[in-house]
Amino acid sequence: MIRRHFFLFAAAAFLVLMLIGGGLKLATAEPKGKGGPGGPGGRAASVAQAVVALRPFADNIEALGVAKGRESVTITSNTSELVTAVRFRDGQQVSKGQVLVELKAGEEDAGLIEAQARLAQAERDYARWKSLADQGIAPRATAEQFRSALDTARAGVEAARARKLDRVIRAPFAGVVGLTDVAPGALISPGAPIVTLDDLTMVRVDFEVPDRYLPMLAEGAALAARPDAWPTETIQGRIARLDSRIDATTRAITARAEFANPGGRIKPGMLMRVTIANGARQGLAVPEAAVQFEGDQAFVFVITPRGGGASARKQAVQTGSTAGGFVEITGGLQAGDKVVADGLNRIQDGQPVQVGPARRTSAAAPARKAG
């Protein structure tokens, strides 16, 4: 009995000691967020820093457009007929008026011969009756009737020639033809495409610009474009025309740019990125990775001295243009301030930081704004 009571007493005493020890540990533990590794007073995070400095920026307008030839058309027929001859090769340069396709024209040839015969007879009849009228033998009114018959016969010849010309399809302007599947013996229907024709000596690009940029647009103003096929190349051009109206739905105006196209490298349908420069300016800048956005507000972490080290302080900033991997800072920072360059998801406001080498934000080449 005594032994059993002793063991119960010992177990109770051990349990009391454990409770006391746990309470002391909790009482002496440092609250999380003040002395823990993740809080401002915790272990210093290793970060790279960027020095806020001036960088060239430009208020550029950038827009997307699709290239098209100076003149572009899809050649079609206005009648149903069999193809008798194809007078071009795929991708050939053709001249204005050059015959491209000939259609079967047996009936039209016969009609033209008949119309010419009627014209010849009408000319003889009119000449005879005019001579008689001039001599006073026949009435002048009869001669005038034969004059009308002659005019009708001439019109018939012109109509027959027009029907025959419908069977010969010519290039309406000089350019380059595309690919075609039309071959002799094929039946062409009205409106069916035969081949494309493009004048590639110059390309046009239509693009839309918000109406708030209208003061920056003027016919004849210089601009540049980069084809998506050659993103490192820039071609120079000008604004040829501005539309007479602003779209009431999109609040944008359509502008047409023209670019020289030596060698025909720019093809119709190619996507073009058009840039209109509006002058350059100097602005404070930080790397894009140094800016954190929460809703519409932007923040950076400014590195400030703290005791013998440094800490990261969250600072609200106002931003402007974004270009070349940098963000323009229009408010909240001064030149020479140091900010955390990247890894913002690992930093908390007021956290100690161990700073690495500084990275300056200035650059010699002007930046571009994505409009």
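**Salt bridges, cores and a buried strand**

Lys130 and Asp134 sit four residues apart in helix α2 (residues 106-135), so about one helical turn separates them. The two form a salt bridge, with their closest N and O atoms 3.2 Å apart. The model is predicted. Its chain has 371 residues, of which 35% count as buried. Three helices and 21 strands make up the secondary structure.

**Salt bridges**

- The structure holds 18 salt bridges.
- Lys130 is partly exposed, at 33% relative accessible area. Asp134 is also partly exposed, at 47%.
- Asp134 meets Arg140 in a salt bridge as well, at 3.0 Å from N to O. Arg140 is partly exposed, with a relative accessible area of 44%.
- Arg256 and Asp206 form a salt bridge through their side chains, at 2.8 Å from N to O. This pair links distant parts of the chain: Arg256 is in strand β13 and Asp206 in strand β10, 50 residues apart.
- Arg256 is partly exposed at 27% relative accessible area, and Asp206 is partly exposed at 25%.
- A network of salt bridges links Lys68, Asp206 and Arg256.

**Nonpolar cores**

- The largest nonpolar core has 22 residues; Phe207, Leu223 and Phe259 touch the most other members.
- Elements giving two or more residues to this core are β3, β10 (193-210), β11 (222-227), β12 (235-246), β13 (252-260) and β14 (271-276).
- A second, separate core has 16 residues, including Val94, Leu100, Ile169 and Ile194.
- Beyond its neighbours within four places in sequence, Phe207 contacts Ala63, Leu64, Gly65, Leu223, Ile253, Thr254, Ala255, Ala257, Val274 and Ile276.
- In soluble globular proteins, nonpolar side chains tend to be buried together.

**Strand β1**

- Strand β1 (residues 45-51) is largely enclosed by the rest of the structure, because five of its seven residues are buried.
- Strands β1 and β20 (residues 338-340) run antiparallel and are joined by three bridges.
- Val51 stands opposite Lys338 in β20.

**Thr79**

- Thr79 lies in the loop between β3 (61-76) and β4 (81-86).
- With a relative accessible area of 13%, Thr79 falls under the 20% cut-off, so Thr79 counts as buried.
- Setting aside residues up to four places away in sequence, Thr79 touches Leu103, Asp166, Arg167, Ile188, Ser189 and Pro190.

**Whole chain**

- Among contacts with a separation of 6 or more, 75% join residues 24 or more positions apart.
- The accessible surface comes to about 21,600 Å². Carbon and sulfur atoms account for 55% of this surface.

Technical notes
Residues are numbered from 1 along each chain as its sequence is written. This is a predicted model: local features need pLDDT of at least 70, side-chain atom pairs count only at pLDDT 80 or more; totals for chains, interfaces and linings use all residues. Side-chain values use heavy atoms; hydrogens and water are left out. Buried means under 20% relative accessible area, exposed over 50%, partly exposed in between (1.4 Å probe, protein chains only). Contact means heavy atoms within 4.5 Å. A nonpolar core is a set of buried Ala, Val, Leu, Ile, Met, Phe, Trp, Tyr and Cys residues joined through side-chain atoms within 4.5 Å. Two strands pair if DSSP finds at least two bridges between them. Accessible areas come from the Shrake-Rupley method with a 1.4 Å probe; for residues, only the protein chains shown count as cover. A salt bridge is a side-chain nitrogen of Lys or Arg within 4 Å of a carboxyl oxygen of Asp or Glu.
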